[in-house]
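Here is a short briefing on a protein model.

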Amino acid sequence: MERSQINEILEESDKFIRSFGYVMPPFAYWSPKELRIRTATDASSIRANRLGWDITDYGQGNFEDLGLFLFTVRNGSATDLSEGKGMLYAEKIMISRKDQVSPMHRHNIKAEDIINRGGGKLVLELFASAPDGSVDPDASVSVHTDGVVRTFAPGELLKLDPGESVTLLPGVWHAFWGEGSDVLIGEVSTVNDDLTDNVFREPIGRFSTIIEDEKPSHLLVSDYDTWL
């Protein structure tokens, strides 16, 4: 993805989020320079826990059809999770555009509530895991939707209206997209680790390759290791 495209998506996404009354935390608007200074002093946890902007085309170069906008608002640490105490949770706000697919994947550790916060329908395609962790094409899968257990045939679609949510436990395979219009998505989960805890059905990457055709308005979490 070109940096100019990322900058444009950041601006559009912030407006979309605000249209639903959700306001981002102050550090979302720090310049790259201020973020560099602050993460070296009083805000080191932003870098350590990878809080902030995240735009991905999954390395495929086709964001309109295969991609996702995310912002990690808060996140605990793997150390806390391993010790079973401390900050064991994370929160994200995301945008899935109309017919824009987030590809089939599962998590080894993370349990997550995926919440339709507004816009169109959020559609999820669901599969159970086989004993080896791969997609099981024959087994049904059960999930909680706002406290109600629902069972789906393999590959069946779950459609969430605004206000509805689903709890996905580790091992539940899922792909998702917006139907009808763009969707604002909330995610509340156990500690999030996008570097090691995403298992994709197809051999694709989690982050985008960025072509630096202009200066970044804000850094992405995938920029931190090289820019900070």
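Helices (H or I, at least four residues) and strands (E, at least two) are DSSP runs, numbered from the N terminus. The protein has five helices and twelve strands. This is a predicted model: local features need pLDDT of at least 70, side-chain atom pairs count only at pLDDT 80 or more, and totals for chains, interfaces and linings use all residues. Residues are numbered from 1 along each chain as its sequence is written, and side-chain values use heavy atoms, with hydrogens and water left out.

**Overall build**
- The C-alpha trace spans about 50 × 40 × 35 Å along its principal axes.
- Of the 228 residues, 49% count as buried, meaning under 20% relative accessible area with a 1.4 Å probe, protein chains only.
- Contact means heavy atoms within 4.5 Å. Of the contacts with a separation of 6 or more, 74% join residues 24 or more positions apart.

**Largest cavity**
- On a 1 Å grid over the protein atoms alone, a cavity is a set of points where a 1.4 Å probe fits but cannot get out; lining residues have an atom within 4 Å of a point.
- Grid points are joined across faces, edges and corners, and a volume is the space filled by probe spheres set on the points.
- The largest cavity has a volume of about 140 Å³.
- Its lining has 17 residues; L68, L70, H105, H107 and N198 lie nearest its centre.
- β2 (68-75), β3 (89-96), β4 (102-106) and β11 (173-190) each give two or more residues to this lining.
- β11 gives the largest share, three residues.

**Second largest cavity**
- This cavity holds about 50 Å³ of space.
- Its lining residues include F27, W30, W53 and Y224.

Key. 1 Å grid on protein atoms, 1.4 Å probe; cavity = no way out; pocket = protein on both sides within 12 Å on 5 of 7 lines; lining within 4 Å. Buried < 20%, exposed > 50% of the residue type's maximum accessible area, 1.4 Å probe, protein only.
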